Amino acid sequence: MDILSIVDQSKHNYTLRDLVNEEEFVDILEERRNSSDLGHAFRTFSPHPYKGAPSCSTADLKRLCWSPSISIATEMGSSVEEVREEATGILEEMSQNLQLGFIRLMGYTVSKMSKRLFSSINVNMEGLNRLQQAIQEHPVILMPNHRSYADFLVISYILFTYDIPVPVIAAGSRMKMVGEILRRSGAFFIRRAIGSDKLYWAVLSEYVKTIVRTGFAPVEFYVEGLRSRTLKSLTPKLGMMHMVLEPYFKGEVFDVTLVPISISYDRVLEESLLAHELLGVPKPKESTTGLLKATKVLQEDYGSMHVNFGRPLSVRHLCQGKINRCQYNLIPRDLPQKPTAEAQACVSWLAHLVVRIQEEGSLISPWSLMACLFLQAPTTVLTEEGLLWQQLTEKTLWLRKLALDFGARLNWPEKIPDLDVMASSVALHRSIVQRKAGRVYLVREEEPAGKRPISAEEGAFRTAAAVLMMASYRNQCLHLFVRPAMVATAIHIAKTTQRDKIFPFFFFLQDLFANEFIFIPGKSSQDFEEACFFLKKCAAIDVSQQEVTVSDAGQEVLSFLRALLKPFIDTYQVVFRYLCEDGVHSFSEKQSLPAVRNLATKLILSGELYTYEALSSDTQKNVLSALRRLEIVTKSRV
């Protein structure tokens, strides 16, 4: 049973889990290991495109995007010719140049690399079949989550393998040689910093909308905007979402189909890089040379990848009763329009819904459950004494049952003994943990040979890097536990059994952490009811119309859930302390992050703070975003 009902589609009530495919997965690398990669790349490729798509080349696509330059020429104070020339330059810099020859090159290269990196790439075939049908009927928007650079071409590779039209992909970088290969594999490039450049926005918007209107190809973009450095979902960005939906809002297409895609990794290629970025180490500059140097990752084992294609979502059905499209008839279609509050609310709701479906469609690995438990032990135990292997395995099996009660989709092999599954998970993550003499230890970076003794601050940094790597894998399953964890915390704070006294604390926590976790707008009551349902299902609480009572057996569950939220609560409190104690009245984010990190390091070394995750820049930024959203601090332009 699911409490959270999403939308009435074709007279049926759907829940989040109904919108996620439950079919079996197939390892697409199995055939690649037994046949020629070259033969696979150069076989006949015969996709079935959108039936309503006119014959349209890449050059035709660019010609259709010239109208915005005319409509905003007056606003920019330039002549039409000047604006048209600038718009043409933007299009040349931005546009994809999809070519079958480079798709074949991509197919060959990804086959070779994937067999070195992953033991398997598992795809739900029924989801692919539904996608193939959807692509023929309406313009399709592919919306994967973004956890690794490996995400970028894996969708194209899968679609190429099964004769489905490959997408054009919104990308944010342009390495010279590799960038051109990606462009010809379907990437179109968006500047990382657009700011208030109205012409660039207009050209980008018209380019994306033209692709959707014409059905040139499926459009793929990351609704989270960026690769998640914490491996949990990010608050969706709405710019591209507005662009792909506007042709439907304006009646230029009958419908648009959204396809959420969940990509799950046993181990992420960039795990160490991401942890160091969170600690303020600058991200390496993207370059072809840097990519070639990174080929050492091919020597590592990254386990399996699961790609789950969710059920196609009809925007037409989802938006029924949520937006009045008649307003778009009052303005010529070629003129840019600022989204109304109603349109913004609808787009935000859709974006959050897609991210939640991505979360529900992801597969949780044994290691993710083990990381949850590992991080609840004191750091000194993890680094010095070690955690008893028997204790960890017993507790993991307990957590597996709890996760299944909460509706988890687990990537736990059924035909392998449980102890072997957990042992192999620890072995796969030997860069983070080490098992010896019946105990498991957290692995910190080794000290460079011949260097001076490290300072206490440097030691804290190294411990924090290991903790943040571990935390990223815990974060992969937080979406499953966060709502029950908030109920558990609300019960603890309220110190009452009255439902109407507990819910306001739950609502406050959701509001405070809305930048940290994904909640569908306007669904707090349903989230509370669903969380209570799952807690009752695992016998942690008893629920009546007026009361929520903790059972004797429920203390262990509620204690575990509260501990999951504690690192986030501690980090928020550190930022609050920095803002209050230091008399900070005006500050820049660039100044505040190192200052908060220094304060957190000081508190850790003094023994006042135990949460190394307080050093994470992304969580610190989320605190500031929450404070701005709650209007506790305001952002001003200097």
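Analyst: Helices are DSSP runs of H or I with at least four residues, strands are runs of E with at least two, and both are numbered from the N terminus. By that rule, the protein has 27 helices and 16 strands. This is a predicted model, where local features need pLDDT of at least 70, side-chain atom pairs count only at pLDDT 80 or more, and totals for chains, interfaces and linings use all residues. Residues are numbered from 1 along each chain as its sequence is written, and side-chain values use heavy atoms, without hydrogens or water.

User: Why is Glu85 called exposed?

Analyst: Exposed means over 50% relative accessible area, buried under 20%, and partly exposed in between (1.4 Å probe, protein chains only). Glu85 has 62%, so it counts as exposed. You can find Glu85 in helix α6, residues 80–94.

User: What makes helix α13 largely enclosed?

Analyst: Helix α13 spans residues 271–278, and six of its eight residues are buried, so the rest of the structure largely encloses it. Those six are Glu271, Leu274, Ala275, His276, Glu277 and Leu278. Across the 638 residues of the protein, 55% count as buried.

User: Which helices do the buried residues of α13 pack against?

Analyst: They pack against α21 (456–475), α26 (589–606) and α27 (617–629). A contact means heavy atoms within 4.5 Å. Looking at the protein's contacts between residues at least 6 apart in sequence, 79% join residues at least 24 apart.
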